[in-house]
Amino acid sequence: MRIALSVDFSPWSPYSGGAQKSTHQLASALSERGHDVSVFYTKSVRDEITPPVDLPYALRWVPLMALRTRQKVRLRPLTCFWMRPAVQRWLDEEPTKMAVVHSQGDEGAFFGNLRHRSGLAKVATLRHPLYPDARRSDTRTGRALAWVRTPKYGLQRWTALQADLCAPASEDSARLITAYYGVSSQRLRVIHNGIDDIFFSDGKVAQADPSTVVFAGRLEPSKGLETLLDAWARLGSTAPQLLVFGQGDDARYRKLVTRLRLSDKVTFRGWTQGANLANALRAATIAVVPSLHESFGNAVAEAMASETVVLATRVGSIPELVEHDRSGWLVEPQDAQALANAVRHLMGDLSLRRRLARDGKARAMAGFRWRHAAAAFEDLYVELLPGSP
């Protein structure tokens, strides 16, 4: 089967996140199942990106309207104008073979205009965790204003409505897509993400300091790092060591650490992934994910697979991944005192941590393998392709 995946940025770009990692892993898993896979990533003019030489799929670059890739690229929504003709050229290369085009966000806004001689299936997985706030945009005018302020919202709606089927990564995302974009439940199919198999390696790493907590994610407000640092200030001298792995606005959070007098408790380790991140998670006592919203929660699933206790917020899709007091521990978002209390409670109960870590890993092994996700998407593609069995 010929399959094209598209996404903004790439896993090796100066700025990337869960959507890019998920696209790469899904493409790799589909390639391992014998499919002819191409992935369309975007990069800016000055990006110097060196992808792995052993990629199992074909890589194609599409222009990003910026000098450099960063978190906020003002003209990034224009990507859809360049993505559509790039994918059309790919379709035209082999017009006699049926094909699947699978977008990961608003870069696929114009895929409804794609044409193919031998049959085409169009799938959309909107991996962006934000949608217009229904409480503030419960009228057409309100939603239109939200989409004008943030063009991504309107483009995501086009992407969703023009696809044959939307396949979000969580039930929470499916609910939001229906509520905000008007996609009927009959055109939705939830398929959970997988995570890299490297996180499933057996065995905890010996800890030099048995009181280490890890945060891994983008350094931006949506990840709740400000609340996390507030919680550490409330813990005072009892606060464990906090290792922060991520990229983004680190200057802002370093200043906050200094202001809260946490320099001896918080260490910034920069961006890491793959085996290095897996080892860091396995060496930690707790992995904390204080997000304000999540469309899936790769950081949660990776920590669970690493057999590390997950302390996360009860937002978005996270309760689908973590059952409180069984496969992890949940608190309300933006509640620094509740987060501090949970850290104190977990640190003081070794038997509880062992039980949560064990059950969390079992949950991850049962539900978050990319080979399972790839098989589910394969079934979906076959179902949608005209004339397929």
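Biologist: Which residues of α6 meet α11 in this model?

Modeller: In this predicted model, the α6 side of that contact consists of Thr 227, Leu 228, Asp 230, Ala 231, Trp 232, Arg 234 and Leu 235. Their partners in α11 are Ala 336, Gln 337, Leu 339, Ala 340, Val 343 and Arg 344. Sorted by class, the contact of α6 with α11 has eight nonpolar, two polar and three charged residues.

Biologist: And how do I read the geometry of a helix pair?

Modeller: Two packed helices are described by the angle between their axes and the distance between the axes. Here, α11 spans residues 336–347, and its axis comes within 8 Å of the α6 axis, crossing at roughly 60°. The two helices, α6 and α11, are therefore oblique to each other. The crossing of α6 past α11 is right-handed.

Biologist: What are the angle and the axis distance for α6 and α7?

Modeller: Helix α6 (residues 225–235) packs against helix α7 (residues 250–259) at an angle of about 15°, and their axes are 10 Å apart. Angles under 35 degrees count as roughly parallel, so α6 and α7 are roughly parallel to each other. The crossing of this pair, α6 and α7, is right-handed.

Biologist: Which residues make the contact between α6 and α7?

Modeller: From α6 come Leu 225, Glu 226 and Leu 229, and from α7 come Arg 252, Tyr 253, Leu 256 and Val 257. By class, the contact of α6 with α7 has five nonpolar, no polar and two charged residues.

Biologist: Now for burial. Which residues of α7 are buried?

Modeller: Tyr 253, Leu 256 and Val 257 are the buried residues of α7. They cover an arc of only 100° around the axis, so they lie on the same side of α7. Lys 255, Thr 258 and Arg 259 are exposed on the other side of α7.

Biologist: What covers the buried residues of α7?

Modeller: The cover includes α6 and also β9 (266–270).

Biologist: Which residue takes a positive phi just after α7?

Modeller: Look at Arg 261, where phi is about 60°.

Biologist: Last, the whole chain. How many helices and strands are there?

Modeller: The protein chain has 13 helices and twelve strands. It has 389 residues, of which 54% count as buried. For contacts in the protein chain with a separation of 6 or more, 67% are between residues 24 or more positions apart.

Terms used:
Residues numbered from 1 in each chain as written. Predicted model: local features only at pLDDT ≥ 70, side-chain atom pairs only at ≥ 80, totals over all residues. Heavy atoms only, no water. Axes fitted to C-alpha atoms, helices over the stretch in contact; angles between N-to-C directions. Helix = DSSP H or I, 4+ residues; strand = E, 2+ residues; numbered from the N terminus. Parallel < 35°, antiparallel > 145°, perpendicular 65-115°, else oblique. Left-handed = near helix turned anticlockwise from the far one by under 90°. Contact = heavy atoms within 4.5 Å. Nonpolar A, V, L, I, M, F, W, Y, C, P; charged D, E, K, R; others polar. Buried < 20%, exposed > 50% of the residue type's maximum accessible area, 1.4 Å probe, protein only. Arc of directions from axis to C-beta.
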